[in-house]
Amino acid sequence: MELTNIPHLASSSSFFFSSCTCRGRRTGTGAITVFAAGSRCSADSACSEPIEQQNVDPLSGPANTHCYRRDFAAVALLPFLLPNVDMASAAELYDGSIIQNGVRNVLTKVKAAGVLRLVFHDAGTFDVGDKSGGMNGSIIYEVDRPENTGLSKPLKILRKAKEGIDQVQQVSWADLIAVAGAEAVALCGGPEIPVRLGRLDSSTADPAGKLPEETLDIVALKTSFSKKGFSVQEMVVLSGAHTIGGKGFGNPNAFDNTYFKILLEKPQPTSSGMPIGLPTDWALTKDDECLRWINIYAEDQDKFFADFRDAYTKLVNSGASWRTA
């Protein structure tokens with residue numbers, strides 16, 4: 001986590017419509033490094049027990065999480081080491097590791113797609129024209145809307161994480177959801193995504209009808225994303241999030257470029273007889289500009305990861321209000 005005025009952390013269904021006891025690394029390719037004050041394990045440290053199988057408490061993680069305890073102890077000692085520092089401000093330096101640990105204690109690969117969808121449905125209400133909506137945590141008031149069907153489960157998962165985190169410091173829903181989405185991507189093997197912290201929550205629901213419908217044709221789909229400030233390329237790369245979940249695009253728990261490879265093939269029914277993906281997924285293949293990006297990402301997963309990282313960062317910052325202190 002970069003120790004700037006507003007801290008950052010590096011992290012690692014339909015959207016928008018080596019394990020380590022220090023919790024600083026994750027099993028698989030989506031490793032995560034937490035840049036925080038205090039001691040931490042070497043990036044090359046190895047542990048024998050997968051994180052998801054360890055016994056954890058609601059916040060502090062595994063009982064043998066020595067590095068986390070040292071970081072936590074550093075926070076506790078700040079009033080004595082730096083008596084003139086405002087404790088509330090100093091604690092902000094530790095937001096990243098505390099939020100990450102809280103999320104990791106409740107998140108699994110099976111739950112990742114729902115959590116990532118939560119990000120898209122909270123931030124996806126943003127409207128460039130009137131600056132309404134965006135990443136503001138208002139999704140907690142909107143779960144009963146038809147377009148948000150199924151989001152009560154991932155919201156319940158994150159509520160459990162929030163209860164533990166809030167015992168140490170208050171975290172906004174907007175920050176928590178943004179971090180959780182990045183963690184979900186990394187957990188499934190996707191890119192590490194730095195997340196800026198400091199978002200404020202809305203106290204009311206965003207206007208309804210702001211999310212693109214699943215039945216939109218390509219013209220309407222491009223118009224919808226344009227109103228949110230996203231280019232065609234960003235629309236295509238964000239759609240690649242459908243690579244995880246139950247839409248039929250390969251391994252539902254692996255974040256990779258299989259989504260784009262399948263779009264280039266003739267649509268085939270899944271084993272359940274249901275069509276793969278959504279109408280909006282296949283609408284992308286009917287537009288030359290979209291198809292160009294589909295081909296690029298199908299051939300180059302690193303390019304997909306890099307562009308998704310940038311687009312996700314833009315998404316979770318869209319419409320956000322930020323703390324000034």
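Modeller: A salt bridge is a side-chain nitrogen of Lys or Arg within 4 Å of a carboxyl oxygen of Asp or Glu. This model is predicted.

Biologist: What makes K222 and D287 a salt bridge?

Modeller: Their side chains meet at 3.1 Å, N to O. The cut-off is 4 Å, so the pair qualifies. K222 sits in helix α7, and D287 in the loop between α10 and α11, 65 residues apart.

Biologist: What makes E183 and R104 buried?

Modeller: E183 has 0% relative accessibility. R104 has 7%. Buried means under 20%, so both residues count as buried.

Biologist: What separates D166 and K162 in helix α5?

Modeller: About one helical turn, because they are four residues apart in that helix. Their side chains meet in a salt bridge of 2.8 Å, N to O. K162 is buried at 12% relative accessibility, whereas D166 is partly exposed at 22%.

Biologist: How do you know that the span of α5 is close to the expected one?

Modeller: Helix α5 covers residues 152-166, 15 residues in total. From first C-alpha to last it reaches 20 Å, against 21 Å expected at 1.5 Å a residue. Its buried residues include L155, L158 and I165.

Biologist: What is in the largest nonpolar core?

Modeller: The core has 68 residues, and F255 and F308 have the most contacts inside it. Helix α6 gives the most to this core, with 10 residues. Beyond four places in sequence, F255 touches residues including L116, V185, I244, F304 and F308.

Biologist: Where does pLDDT stay under 50?

Modeller: Over residues 18-92, for which the model has 133 contacts beyond four places in sequence. The chain mean is 79, and 68% of residues reach 70 or more. Residues 1-6 are also below 50.

How values were computed:
Residues are numbered from 1 along each chain as its sequence is written. This is a predicted model: local features need pLDDT of at least 70, side-chain atom pairs count only at pLDDT 80 or more; totals for chains, interfaces and linings use all residues. Side-chain values use heavy atoms; hydrogens and water are left out. Helices (H or I, at least four residues) and strands (E, at least two) are DSSP runs, numbered from the N terminus. The expected span of a helix is 1.5 Å times one less than its number of residues. Buried means under 20% relative accessible area, exposed over 50%, partly exposed in between (1.4 Å probe, protein chains only). pLDDT is the predictor's confidence in each residue, from 0 to 100. Contact means heavy atoms within 4.5 Å. A nonpolar core is a set of buried Ala, Val, Leu, Ile, Met, Phe, Trp, Tyr and Cys residues joined through side-chain atoms within 4.5 Å.
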